[in-house]
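How do helices pack, and where are the nonpolar cores? Take the helix pair first, then the cores.

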Amino acid sequence: MTTAPADSRTDTRTRPAVARTRAELAELLAPARRDGLRVGFVPTMGALHVGHASLMARARAEVGAQAPVVVSVFVNPTQFAAGEDLDAYPRTLDADLEVCAREGVDVVYAPTVHDVYPDGPEGTVVRPDPGPLGSVLEGGSRPTHFGGVLLVVAKLFGLVRPDVAVFGQKDYQQLVLVRRMAADLCLGVEVVGAETVREPDGLALSSRNTYLDAEQRQQALALSRALRAGVDAAGGGAAAALAAARAVLDDAPGVELDYLALTTPDLAPLDADPPPGTEARILVAARVGTTRLIDNLPLHLGAGPAQTDEGDR
């Protein structure tokens with residue numbers, strides 16, 4: 001498990017170049033295209049924190065010191081359903097640029113909705129279909145969410161044309177679907193999954209954590225405790241892992257469980273009796289107050305010590 005490092009850096013590097021339009025983005029990346037440099041990309045919705053910074057660092061490691069790293073900051077309307085927090089979602093571009101500067105990001109693409117969706121959010125004719133995986137887990141509660149996510153990611157991949165794109169494992173279903181889309185559509189993008197960054201007490205970093213008051217912040221720790229209990233019990237098999245995780249959640253005040261699931265790493269259902277050593281993923285979603293939080297961890301069933309490595313490619 002990676003914890004959030006103390007950010008003691010006080011120096012501020014030169015701010016990245018900011019592209020507001022497609023044309024500006026293409027102009028800024030033209031020298032890298034000309035020189036044959038690899039382009040790294042981290043798509044975000046802003047409100048950047050240490051977790052996002054770790055994705056930028058991973059992108060830099062993937063493409064090297066001389067190649068450009070691009071971060072998009074765009075609150076995408078097509079992945080929010082009616083009644084969700086589109087209008088309330090934090091927009092902090094100035095602070096986001098400081099984070100990007102500290103991480104040595106070269107270009108920030110911060111477009112308007114019109115630049116991404118010239119015909120309006122509903123005007124895109126061709127839309128990626130998330131398929132059956134888009135209707136379970138997060139898709140069960142947010143049935144239009146992944147269609148909107150894949151649409152904007154496909155557009156951003158087309159605009160940035162990255163060689164490597166880095167996504168966090170906290171949004172694990174999103175990572176799996178983006179990988180599948182990139183492979184199915186032959187987009188030529190390597191999709192890298194970076195380890196979830198956590199607070200020292202285990203809470204996964206999320207922009208939505210800012211919605212939690214002090215009491216809810218403590219209640220939210222039940223999610224990571226439940227996952228850890230599941231990992232610790234995984235030596236006893238799938239049923240034992242789920243039972244241990246559910247016991248923590250059943251005893252957690254203020255936590256309204258949406259789902260607790262154990263799947264293959266590709267989010268397929270597990271066999272009824274998986275053999276010892278089977279790789280799996282345990283995932284949870286719950287509301288704490290009005291804030292919906294998600295988290296997940298990898299594990300191995302029926303054999304070996306508890307797994308703590310979240311690394312993934």
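Axes here are lines fitted to C-alpha atoms, for helices over the stretch in contact, and angles run from 0 to 180 degrees between N-to-C directions. This is a predicted model: local features need pLDDT of at least 70, side-chain atom pairs count only at pLDDT 80 or more, and totals for chains, interfaces and linings use all residues. Residues are numbered from 1 along each chain as its sequence is written, and side-chain values use heavy atoms, with hydrogens and water left out.

Two packed helices are described by the angle between their axes and the distance between the axes. Helix 9 (residues 221-233) and helix 10 (residues 238-250) have axes that come within 7 Å and cross at roughly 155°. That makes helix 9 roughly antiparallel to helix 10 (an angle over 145 degrees). Helices are DSSP runs of H or I, at least four residues; strands are runs of E, at least two; both are numbered from the N terminus.

Which residues make the contact (heavy atoms within 4.5 Å)? Helix 9 supplies Ala222, Arg225, Ala226, Ala229, Gly230 and Ala233. Helix 10 supplies Ala240, Ala241, Ala244, Ala245, Val248 and Leu249.

Now the cores. A nonpolar core is a set of buried Ala, Val, Leu, Ile, Met, Phe, Trp, Tyr and Cys residues joined through side-chain atoms within 4.5 Å. Buried means under 20% relative accessible area, with a 1.4 Å probe and protein chains only. The largest core has 39 residues. Leu25, Val70, Val153, Phe157, Phe167 and Val191 have the most contacts inside it. Helix 6 (145-160) is among the elements that give two or more residues. The largest share, nine residues, comes from helix 6.

Definitions and conventions
Buried means under 20% relative accessible area, exposed over 50%, partly exposed in between (1.4 Å probe, protein chains only). Angles under 35 degrees count as roughly parallel, over 145 as roughly antiparallel, 65 to 115 as roughly perpendicular and the rest as oblique. Contact means heavy atoms within 4.5 Å.
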